[in-house]
Amino acid sequence: MAERMRWARYAAWAALAGVVSAAVFLAVAELAALVVARESSPILAVGSFVIDVVPQPIKEFAISTFGDQDKLVLLGSLGVAVVIASAIAGVLQLVRPPLGVVALGVAGALSMAAIVTRAGASAWAWLPPVLGAVAGSIVLAVAVRRLRGWRDGRAAGSDSGSEPAAPGPDRRAFLQVLTIAGASALLVGVGARVANVATTSIAAVRRALRLPEPRTRVTVPDGAELDVPGISPLYTPNADFYRVDTALTVPSVDPASWVLRIDGLVDRTVELTFDELVGMGLDEYSITLTCVSNEVGGGLVGTARWLGVPVRDVLALAGPQGDADMVLSRSVDGYTASTPLDALTDAGRDAILAVAMNGEPLPLEHGFPVRMVVPGLYGYVSATKWLTGLTVTTFAADEAYWTPRGYSAKAPIKFSSRMDTPRTGQPVPAGRVPLAGVAWAQTVGIERVEVRIDDEPWQAATLSSPVNDDTWVQWMLEWDATPGNHNVTVRAVNRAGDLQIEERAPIAPDGSTGWQRTLIRVT
Ligand SMILES: Nc1nc2c(c(=O)[nH]1)N[C@H]1C(S)=C(S)[C@@H](COP(=O)(O)O)O[C@H]1N2
Ligand SMILES: [Mo]
């Protein structure tokens, strides 16, 4: 009985030694991460890895159960798992050395695998988990050796099993190792993590970023914005701008280490830093961006003033070769888009690498620090965010992310029009009612917007003064609304004289078509 109690006591000390060793592991890894590779925090890397491998239904369950606390719950569970596993490793080291140290080594190898396989891992990312595992193993081995000395010394020195008069040197050494290692791990680990977050949070980097003044600015003519309540503003505030991407967590890209690689069918491969890019000179462009997934009347379209550099100037540094017809742009998260080479090189088209949106550096979720924006092409074939590479190639040789997933390799924007106000389900009082919205035909421009009430003749709407052909225009029509239900239909004519397509088409494979028809109740 006393024997078993004694065993439990030493096992408990060994478990504590295991937990302290794990704390040393994590603290050393955090410190090393701060110095050599800031993204290689083992806890966060393993957490992200778990998020990536967990099946979608479990993800949805977690989100519906824990709401936006889901990531906190994940990290908490991970912490509990680490404590339990490391306690077991401690006991193992006591009863079957060196199994505890082996367990720590395995944990180090697994976290290293989670770290180096993350998109964007730097060259030294493997080092922090290795250093952490080595330090943790040393602490575990030393501490448990002392613990055994304490246990065996007592077993040998006391035939009755009673307490010796004075604590043995091994007991004192064991407690010292544990206290010092535990306290410094806590201090160093927490300190390093806080310092890491405080100085590398990309949000902080973005806030501190100062871009050079643009050489030119967009001239917004008088009358570019109509004064109608409920109409889309000419420039969509960044906070309201639609967001579409495949990224589960917003990628963190530091402009200080950002490099754009231009390769493929080029005379020379070129690598461009962020400073070199903006050093080419920034100009301001007004461009309306549209998503292929935008349904007729939908909200996946927005306009911004972008600061950027023409893609053709950047490509020219590398010298695209004659047989190329496509540029495969690549994001840090592995996403790719296929853009016809001539859409990027045509002197008449303002395809840009954008670094700012509506007067500030690109918001993180809109591609910080650099994205593409190409007038006249849907976002999925042109507007790559968190851009890291341009490969000059051919449509025959390469395909982009969405191509094998049911969308066309090439996708020019189908020009369209939308009514913003009034909305279905928003009854309006009889009398003068302004009908208003936006229409876009990037690279061509909008000639006319027409509105039809029920089966009455089409009426021409008033247009705002266009900023340029790449920017949507606003339209409005004063309507003498009579009580009852009315159908309002909108269509546009572009500057080439084409009428907006009436026939309905779904978003796949290359964008929706149809005239928006809205039922308005007049009271
Ligand atoms: N890296 C990356 N870039 C991307 C995407 C993506 O999934 N990943 N989606 C594209 C699509 S489909 C569109 S419509 C635009 C949307 O840009 P926004 O989110 O800034 O509005 O980004 C494009 N760029
Ligand atoms: Mo899109």
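Modeller: A contact here means heavy atoms within 4.5 Å. The model is predicted. Among contacts in the protein chain between residues at least 6 apart in sequence, those joining residues at least 24 apart make up 75%.

The protein chain holds 11 helices and 18 strands. Its radius of gyration is 31 Å, well over the 24 Å that the globule rule gives for 523 residues, so the chain is more spread out than a compact globule. Along the principal axes, the C-alpha atoms fill a box of roughly 110 × 65 × 40 Å. The chain is divided into domain 1 (2–200), domain 2 (238–405) and domain 3 (416–522). Between the centres of domain 1 and domain 2, taken over C-alpha atoms, there are 43 Å.

Of the 523 residues, 46% are buried. The protein chain exposes about 24,400 Å², and carbon and sulfur atoms supply 59% of that area. For the 43 positive and 51 negative charges, the mean positions lie 12 Å apart.

Now the loops, taken in sequence order. A123 counts as exposed because its relative accessibility is 64%, the cut-off for exposed being over 50%. The C-alpha atom of A123 is separated by 21 Å from that of A27, a residue 96 positions away along the chain.

N358 belongs to the loop between β7 (352–357) and β8 (360–361). Phi of N358 is positive, about 50°, although N358 is not a glycine. With a relative accessibility of 16%, N358 counts as buried, since buried means under 20%.

D454 lies in the loop between β13 (446–453) and β14 (459–460). D454 also has a positive phi, near 50°, and is a residue other than glycine. Its relative accessible area is 25%, so D454 is partly exposed.

The loop between β17 (484–494) and β18 (516–522) holds P509. A508 and P509 are joined by a cis peptide bond, with omega of about 5°.

Notes:
Residues numbered from 1 in each chain as written. Chains lettered and ligands numbered in written order. Predicted model: local features only at pLDDT ≥ 70, side-chain atom pairs only at ≥ 80, totals over all residues. Heavy atoms only, no water. Helix = DSSP H or I, 4+ residues; strand = E, 2+ residues; numbered from the N terminus. Rg over C-alpha atoms; globule rule 2.2 N^0.38 Å. Buried < 20%, exposed > 50% of the residue type's maximum accessible area, 1.4 Å probe, protein only. Areas by Shrake-Rupley, 256 points an atom, 1.4 Å probe, with all protein chains shown as cover. Lys, Arg positive; Asp, Glu negative; His and termini not counted. Charge placed at Lys NZ, Arg CZ, Asp CG, Glu CD. Domains from an automatic or database assignment.
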